[in-house]
Amino acid sequence: SPAGMVLSVLVILLLAVLYEAVKMGKAVLLRRALLALPRSLSQEALTEPQEGDSDPAQGSPSLMAFPISFPRWFWFHVGQTLFHVVQVVLGYMVMLAVMSYNAWIFLGAIAGSTLGYFM
């Protein structure tokens with residue numbers, strides 16, 4: 001039906017916009033993660049507690065190798081991983097819709113991608 005086709009095109013358009021938004025969110029998170037990395041990427045810099053943190057196991061090298069609280073850059077990496085999973089799922093959904101070989105669905109995907117990138 002024509003209403004079903006219009007609804008399908010709008011859903012694909014919104015999925016493509018969401019795909020582009022997630023892609024941009026992932027880039028912003030990457031920039032924040034790079035700023036959160038320590039200046040030196042040596043093992044000592046990654047496992048040392050920040051200034052002002054109290055760590056009862058400072059003298060024990062075996063306990064320092066596994067910090068109790070993860071550093072900020074680790075949580076940014078977890079966020080990037082989740083964004084990547086969402087981006088891949090959305091990308092495959094849009095690709096599957098385009099592979100229906102319907103011209104209107106294809107144009108909806110292109111328009112949504114364009115609109116999402118523009119925003």
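Reader: How far apart are Lys 23 and Glu 20 in helix α1, in terms of helical turns?
Author: They are separated by about one helical turn, because Lys 23 and Glu 20 are 3 residues apart in helix α1, which covers residues 2–36. Keep in mind that this is a predicted model.

Reader: And what do the side chains of Lys 23 and Glu 20 do?
Author: They meet in a salt bridge, at 3.2 Å from N to O.

Reader: How many salt bridges does the structure hold?
Author: The structure holds 1.

Reader: What about Glu 20, buried or exposed?
Author: Glu 20 comes out at 5% relative accessibility, so it counts as buried. The cut-off for buried is under 20%.

Reader: Which other residues of α1 are buried?
Author: Besides Glu 20, the buried residues of α1 are Val 9, Ile 12, Leu 15, Ala 16, Val 17, Val 22, Leu 29, Ala 33 and Ala 36.

Reader: What do the buried residues of α1 pack against?
Author: Against α4 and α5.

Reader: How far does α1 reach from end to end?
Author: From its first C-alpha to its last, α1 reaches 51 Å. With 35 residues, that is close to the 51 Å expected at 1.5 Å a residue.

Reader: Take Leu 15. What does it touch?
Author: Leaving out residues up to four places away in sequence, Leu 15 touches Leu 90, Met 93 and Val 94. Leu 15 itself sits in helix α1 and is buried, because its relative accessible area is 16%.

Reader: How far is the C-alpha of Leu 15 from that of Val 94?
Author: The two C-alpha atoms are separated by 6.8 Å, although Leu 15 and Val 94 are 79 residues apart along the chain.

Reader: Switching to α4. Where is Gln 87, and what does it touch?
Author: Gln 87 is in helix α4. Setting aside residues up to four places away in sequence, it touches Tyr 19, Val 22, Lys 23 and Lys 26.

Reader: Then Gln 80: which residues is it in contact with?
Author: Leaving aside neighbours within four places in sequence, Gln 80 is in contact with Lys 26, Leu 29, Leu 30 and Ala 33. Gln 80 lies in α4, residues 72–98, and it counts as buried because its relative accessibility is 15%. Its C-alpha is separated by 9.5 Å from that of Val 28, 52 residues apart along the chain.

Reader: How do the axes of α4 and α5 cross?
Author: They come within 8 Å and cross at roughly 150°, with α5 covering residues 103–118. The two helices are therefore roughly antiparallel to each other.

Reader: Which residues meet there?
Author: Val 94, Ala 97 and Val 98 in α4 meet Ile 105, Phe 106 and Ala 109 in α5. By class, this contact has 6 nonpolar, no polar and no charged residues.

Reader: Overall, how many helices and strands does the protein have?
Author: There are 5 helices and 0 strands, and the order from the N terminus on is α-α-α-α-α.

Reader: What share of the protein's residues is buried?
Author: Buried residues make up 20% of the 119 residues.

Reader: And what share of the contacts joins residues at least 24 apart?
Author: It is 81%, among contacts between residues at least 6 apart in sequence.

Technical notes: Residues are numbered from 1 along each chain as its sequence is written. This is a predicted model: local features need pLDDT of at least 70, side-chain atom pairs count only at pLDDT 80 or more; totals for chains, interfaces and linings use all residues. Side-chain values use heavy atoms; hydrogens and water are left out. Helices (H or I, at least four residues) and strands (E, at least two) are DSSP runs, numbered from the N terminus. Buried means under 20% relative accessible area, exposed over 50%, partly exposed in between (1.4 Å probe, protein chains only). Contact means heavy atoms within 4.5 Å. Axes are lines fitted to C-alpha atoms, for helices over the stretch in contact, and angles run from 0 to 180 degrees between N-to-C directions. Angles under 35 degrees count as roughly parallel, over 145 as roughly antiparallel, 65 to 115 as roughly perpendicular and the rest as oblique. Ala, Val, Leu, Ile, Met, Phe, Trp, Tyr, Cys and Pro count as nonpolar, Asp, Glu, Lys and Arg as charged, and the others, Gly among them, as polar. A salt bridge is a side-chain nitrogen of Lys or Arg within 4 Å of a carboxyl oxygen of Asp or Glu. The expected span of a helix is 1.5 Å times one less than its number of residues.
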